[in-house]
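The following note sets out numbered points for a colleague who is reviewing this model. Please read each point beside the coordinates.

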Amino acid sequence: MSNPTQNEPDPWVRILNGKRGLHLVVLYLVYGEWRVPWSFRVWRGKGYPSPSDLACKLLGTVPKQLTQGTTVIVLADTEFSTVKFFNAVRAKSWRIVVGVRNNRKLQDGRTVKQLYRHGKRGQQVLLEGLTKPLTISWFWLKRADSKRELRFVVSSHPYSGAYLVMLGRKRWAIEGFFKTIKHRFGLHCFGQSTKPGVYRWLILSLLSYLLAHWIDQWFLPPVLDWKATCDLTLSILFPSVLWLKLLRYLQISADIAARHGFEIVLKPIPT
């Protein structure tokens, strides 16, 4: 990979849907009580494979041992509601639940949004470009600014309208994962610009998440609090790191103790 000149943009930082940053496509497995970021790809911008193309490749990384004899449901955001992605999921005989834009066209020329006024949740529709019908439903999503937004979701399986909405809402679990790994495991703090540097930081963040999740599953019931889980993981797997953090805290807090007439003295225990 050639280094960008001063006037060229960073090849790893792109703008997608108005957001500038390192854009990842993540395959996130939910298997029993486990929540595992299984694999990822970096979207590199125009002229490279699209997020939907990358997602199709990620589907092939799922181990067959996990999918044999069980119902597999692929939950995906609106960005992945492409004909290619639909066909890739169906080729594996899996079920798909994915969001669609309200201006997505049906084969009869109508848009998805028109179904809200003249249709019913749970009905079968045929999207433009597809040969097999899908079940569609919709719900109102309350945004951070308190405004509501009408969202549509489709499925390759004939779920009821209400149940399809419930499955569609589960797609937002991936947003919770991204918030956790960015703000609790440092994913948003990467400053690397080279390909090896970016991948090292991503892998370190994902490994730290997996270690904490692994430790959390030892406890019944699980802690279910990421800060407490991180502290617990440090104390079990990396006690020396936790001890150094404590020493550092005592060092910077020595003046506070002195103002109250105390002196902090650390002595080794004789062996």
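1. Beyond residues up to four places away in sequence, serine 52 touches Glu79, Phe80, Thr82 and Phe85, where a contact means heavy atoms within 4.5 Å. Serine 52 belongs to helix H1, residues 51-59; helices (H or I, at least four residues) and strands (E, at least two) are DSSP runs, numbered from the N terminus. With a relative accessibility of 5%, serine 52 counts as buried. The accessibility classes are buried for under 20% relative accessible area, exposed for over 50%, and partly exposed in between (1.4 Å probe, protein chains only).

2. The model is predicted, so local features need pLDDT of at least 70 and side-chain atom pairs count only at pLDDT 80 or more, whereas totals for chains, interfaces and linings use all residues. Residues are numbered from 1 along each chain as its sequence is written, and side-chain values use heavy atoms, with hydrogens and water left out.

3. On confidence, pLDDT is the predictor's confidence in each residue, from 0 to 100. The protein chain has an average pLDDT of 84, and 91% of the residues score at least 70. Over residues 1-9 the pLDDT stays under 50, and for this stretch the model has seven contacts beyond four places in sequence.

4. Which residues of strand S5 form the covered face, and which the uncovered one? In S5 (residues 73-76), Val74 and Ala76 make up the covered face, while Ile73 and Leu75 make up the uncovered one. In a regular strand the side chains alternate between the two faces of the sheet. S5 pairs with S6 in the parallel sense over four bridges; two strands pair if DSSP finds at least two bridges between them. Isoleucine 73 stands opposite arginine 95 in S6, and valine 74 has isoleucine 96 of S6 as its bridge partner.

5. Strand S6 covers residues 95-100 and is joined to S9 by four bridges, the two strands running antiparallel. Within this pairing, serine 155 of S9 is the bridge partner of valine 97. Five of the six residues of S6 are buried, so S6 is largely enclosed by the rest of the structure.

6. Strand S9 also pairs with S8 (residues 134-142), in the antiparallel sense and over eight bridges. Here serine 137 has valine 153 of S9 as its bridge partner. Because six of its eight residues are buried, S9 (residues 148-155) is likewise largely enclosed by the rest of the structure.

7. Serine 93 has a positive phi of about 60° although it is not a glycine. Most residues other than glycine have a negative phi, and most peptide bonds are trans. Serine 93 lies in the loop between helix H3 (83-91) and S6, and its relative accessible area of 67% means that it is exposed.

8. How many cavities of 30 Å³ or more does a search of the whole structure find? The search finds one. On a 1 Å grid over the protein atoms alone, a cavity is a set of points where a 1.4 Å probe fits but cannot get out, and lining residues have an atom within 4 Å of a point. Grid points are joined across faces, edges and corners, and a volume is the space filled by probe spheres set on the points. The largest cavity holds about 60 Å³ of space. Its lining consists of Leu24, Val26, Phe40, Phe177, Phe178, Ile181, Leu187, Leu202 and Leu206. Strand S3 (23-31), helix H6 (173-183) and helix H7 (195-216) are the elements that give two or more residues to this lining, and H6 supplies the largest share, three residues.

9. Histidine 188 is located in the loop between H6 and H7 and, at 42% relative accessibility, counts as partly exposed. Not counting residues up to four places away in sequence, histidine 188 touches Lys182 and His183. The C-alpha atoms of histidine 188 and leucine 202 are separated by 9.6 Å, the two residues being 14 apart along the chain.

Key
1 Å grid on protein atoms, 1.4 Å probe; cavity = no way out; pocket = protein on both sides within 12 Å on 5 of 7 lines; lining within 4 Å.
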